[in-house]
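Subject: Structure handover

Hello,

Here is the structure you are taking over. My notes follow below it.

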Amino acid sequence: MNDQSSPDFWQKHLSQQQAMLDELHALRAAQQEQSARLRAQEQSLNNLLGLVSWQAQIQRATMLASVTAADGRHSDPLSLTRAYAQVYSQNGEDGMTAEIFRRIGHRDRFFVEIGIENGLQCNTRLLLEAGWRGVWLEGSEKMAQEALQCFRAFVESGALKILVGIIGPENIETALDQLGVPARFDYLSLDIDQHTHSVWRAMKRQARVACIEQNASIPPSMALEVPFDPMKSWDGSNWYGAGLKVLELIGAAKGMHLVGCDIVGVNAFFVTADETEGRFRAPFNAETHFQPASYALLAHTGHAVSREARRWAQAAEMTMLDPYPGPSP
């Protein structure tokens with residue numbers, strides 16, 4: 001039995017306690033040192049990931065430039081793909097849309113976009129912030145509320161209306177009636193994946209310019225489309241929408257010419273037939289303007305998209321230019 005009254009007993013006990021404290025302090029110091037190393041490694045990894053991301057952007061931009069240069073069609077001054085530019089759009093639509101209106105001029109500067117998500121990266125945000133007015137339709141309540149919050153100032157000023165709801169061929173005109181969309185307006189952008197073509201076909205209102213989602217998996221000579229089924233939504237496969245030939249035919253029935261596609265193969269552009277002669281590359285068919293699906297090029301290049309609604313100012317001297325410039329017939 002230990003004699004707890006003995007000085008040696010307590011000295012031994014205290015020595016053991018001190019050894020345990022020293023060990024705990026050493027462990028804590030080692031842990032702090034390890035944490036510091038981990039933080040340094042994490043920062044180094046983040047820097048490396050940033051560099052890889054930047055290099056990937058450079059690679060995509062180089063690939064895009066190479067693809068554009070390799071196809072002789074794009075050397076034609078009437079080709080739209082030469083006008084690729086990206087502010088908020090995902091596939092260079094900002095530049096192509098601006099180039100179309102540079103050639104044919106604006107009239108009411110009114111837009112309709114169906115399928116905007118939260119509006120941060122859509123085809124009409126730049127137009128809105130540059131002084132246009134129009135309407136957005138979005139099927140997701142959550143996304144529509146985010147758009148309403150971000151672009152509240154434009155909504156309150158009357159420049160923008162946002163409607164939430166699933167849009168189909170059976171209710172598209174009712175929705176546009178509700179929003180007060182005129183019978184004829186400048187610009188339509190339509191991208192709702194599975195049934196984009198069905199909604200466009202059902203629209204009675206006429207846009208002078210239309211940007212319509214296509215299915216670039218389908219060869220341009222084949223008029224194939226997904227049959228409309230309100231119970232079906234896009235499943236992530238290549239069974240969706242319509243091929244470019246179908247869109248060419250729908251556009252023709254509306255008195256519109258197919259004038260180009262974005263370089264990635266996501267959208268097709270149409271202009272009213274009485275405004276295309278001498279301004280766009282002919283013939284106005286799918287075989288001429290088809291762009292194969294190149295989704296690997298999808299990325300936002302340059303600085304990040306602003307997550308706040310902005311306003312752009314039009315340079316005063318621009319108002320002195322001919323409002324209908326373009327290639328000579």
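Salt bridges come first. Arg-107, Asp-186, Arg-208 and Glu-275 are joined to one another in a salt-bridge network. Please keep in mind that this is a predicted model. Over the whole structure, the search finds 15 salt bridges. Three further pairs are described here.

Arg-37 is bridged to Glu-33, with 3.0 Å between the closest N and O atoms. Both residues belong to helix 1 (residues 7-70), where they sit four residues apart, about one turn of the helix. Arg-37 has a relative accessibility of 40%, so it counts as partly exposed. Glu-33 is also classed as partly exposed, because its relative accessibility is 47%.

Arg-125 pairs with Glu-129, and here the closest N and O atoms are 2.8 Å apart. Because these two residues are four apart in helix 3 (residues 125-129), about one helical turn separates Arg-125 from Glu-129. Arg-125 and Glu-129 are both buried.

Where is Val-181 placed? It is found in the loop between helix 6 (172-179) and strand 4 (184-190). Val-181 is buried because its relative accessible area is 5%, and the cut-off for buried is under 20%. Leaving aside residues up to four places away in sequence, Val-181 touches Phe-110, Val-112, Val-135, Leu-176 and Arg-205.

The volume of the largest pocket is about 1100 Å³. Its lining is made up of 49 residues, and those nearest the centre are Gly-115, Asp-191, Ile-192, Asp-193 and Glu-213. Strand 1 (110-114) and strand 2 (133-138) are the elements that give two or more residues to this lining. By residue class, the lining of the largest pocket has 17 nonpolar, 22 polar and ten charged residues.

Regards

Conventions: Residues are numbered from 1 along each chain as its sequence is written. This is a predicted model: local features need pLDDT of at least 70, side-chain atom pairs count only at pLDDT 80 or more; totals for chains, interfaces and linings use all residues. Side-chain values use heavy atoms; hydrogens and water are left out. On a 1 Å grid over the protein atoms alone, a cavity is a set of points where a 1.4 Å probe fits but cannot get out, and a pocket is an open set with protein on both sides within 12 Å along at least five of seven lines; lining residues have an atom within 4 Å of a point. Grid points are joined across faces, edges and corners, and a volume is the space filled by probe spheres set on the points. Ala, Val, Leu, Ile, Met, Phe, Trp, Tyr, Cys and Pro count as nonpolar, Asp, Glu, Lys and Arg as charged, and the others, Gly among them, as polar. Buried means under 20% relative accessible area, exposed over 50%, partly exposed in between (1.4 Å probe, protein chains only). Contact means heavy atoms within 4.5 Å. A salt bridge is a side-chain nitrogen of Lys or Arg within 4 Å of a carboxyl oxygen of Asp or Glu.
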